[in-house]
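This report goes through one protein model, starting with a single residue and ending with the whole chain. Please keep the sequence and the 3D view at hand while reading.

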Amino acid sequence: MLSDHGLVPAVHEIADASPVPVAVDLQVARLPGPVETAAYFFVSEALTNIARHAGARSATVHGWIHRGELIVTVVDDGVGGADPARGTGLAGLAARLAALDGQVTVVSPAGGPTEVRMQCPASQPA
């Protein structure tokens, strides 16, 4: 789905498969392959973590371009307390995004909500 149709339909597909209801609002056109792939795996990992650990009733995925950077946030209404140091999933995503001059941030106070955010340049050198 990702390679043929792009990030937006691919994210809708993984959101539709989530056991936690997910609202998706992605305001992006097609992006370079490495950027779309990184964003797709970011959303996939975040939604998997929500389903496994958050105790959430709902989640949202937002994405947009701002000043030449792709920004994607995944927010849930779960219990909070997410810590990237306790698992390999978010750490692996951070490494993938670092290769694209991007970053991942997590804000997850005890009691929630949790916001996981990625940003990276929307265009990549050939």
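## A contact between two side chains

The side chains of glutamine 119 and glutamate 69 are joined by a polar contact of 2.9 Å. The model is predicted, and the distance is computed from its atoms.

Glutamine 119 lies in strand E5, which covers residues 114-121. With a relative accessible area of 18%, glutamine 119 counts as buried, because the cut-off for buried is under 20%. Leaving aside residues up to four places away in sequence, glutamine 119 touches Glu69, Leu70, Ile71, Gly102 and Gln103.

Strand E1 spans residues 22-27 and strand E2 spans residues 59-66. The two strands pair in the parallel sense, over six bridges.

Which helix does the chain pass through between E1 and E2? The path goes through helix H3, residues 33-54. This β-α-β crossover is left-handed.

## Helix H3

H3 is made of 22 residues. From its first C-alpha to its last, the helix reaches 30 Å, which is close to the 32 Å expected at 1.5 Å a residue.

Which residues of H3 are buried? They are Val35, Glu36, Ala38, Ala39, Tyr40, Phe42, Val43, Ala46, Leu47, Ile50 and Ala54. The list includes Glu36 and Tyr40 as well as several alanines, among them Ala38 and Ala39. Just after the helix comes glycine 55, with a positive phi of about 65°.

## The whole protein

The protein contains four helices and five strands. Read from the N terminus, the order of these elements is α-α-β-α-β-β-α-β-β. The radius of gyration is 14 Å, close to the 14 Å that the globule rule gives for 126 residues, so the protein is as compact as a globular protein of that length. Along the principal axes, the C-alpha atoms fill a box of roughly 40 × 30 × 25 Å.

Of the 126 residues, 39% are buried. Contacts can also be sorted by how far apart the partners are in sequence. Among contacts between residues at least 6 apart, 65% join residues at least 24 apart.

Terms used: Residues are numbered from 1 along each chain as its sequence is written. This is a predicted model: local features need pLDDT of at least 70, side-chain atom pairs count only at pLDDT 80 or more; totals for chains, interfaces and linings use all residues. Side-chain values use heavy atoms; hydrogens and water are left out. Two strands pair if DSSP finds at least two bridges between them. A crossover is right-handed if, with the strands pointing away from the viewer, the path from the first strand over the helix to the second runs clockwise. The expected span of a helix is 1.5 Å times one less than its number of residues. Buried means under 20% relative accessible area, exposed over 50%, partly exposed in between (1.4 Å probe, protein chains only). A polar contact is a pair of N or O atoms within 3.5 Å; within protein, one must be able to donate a hydrogen and the other to accept it, and residues adjacent in sequence count only if both atoms are side-chain atoms. Contact means heavy atoms within 4.5 Å. The radius of gyration is taken over C-alpha atoms; the globule rule is 2.2 Å times the number of residues to the power 0.38.
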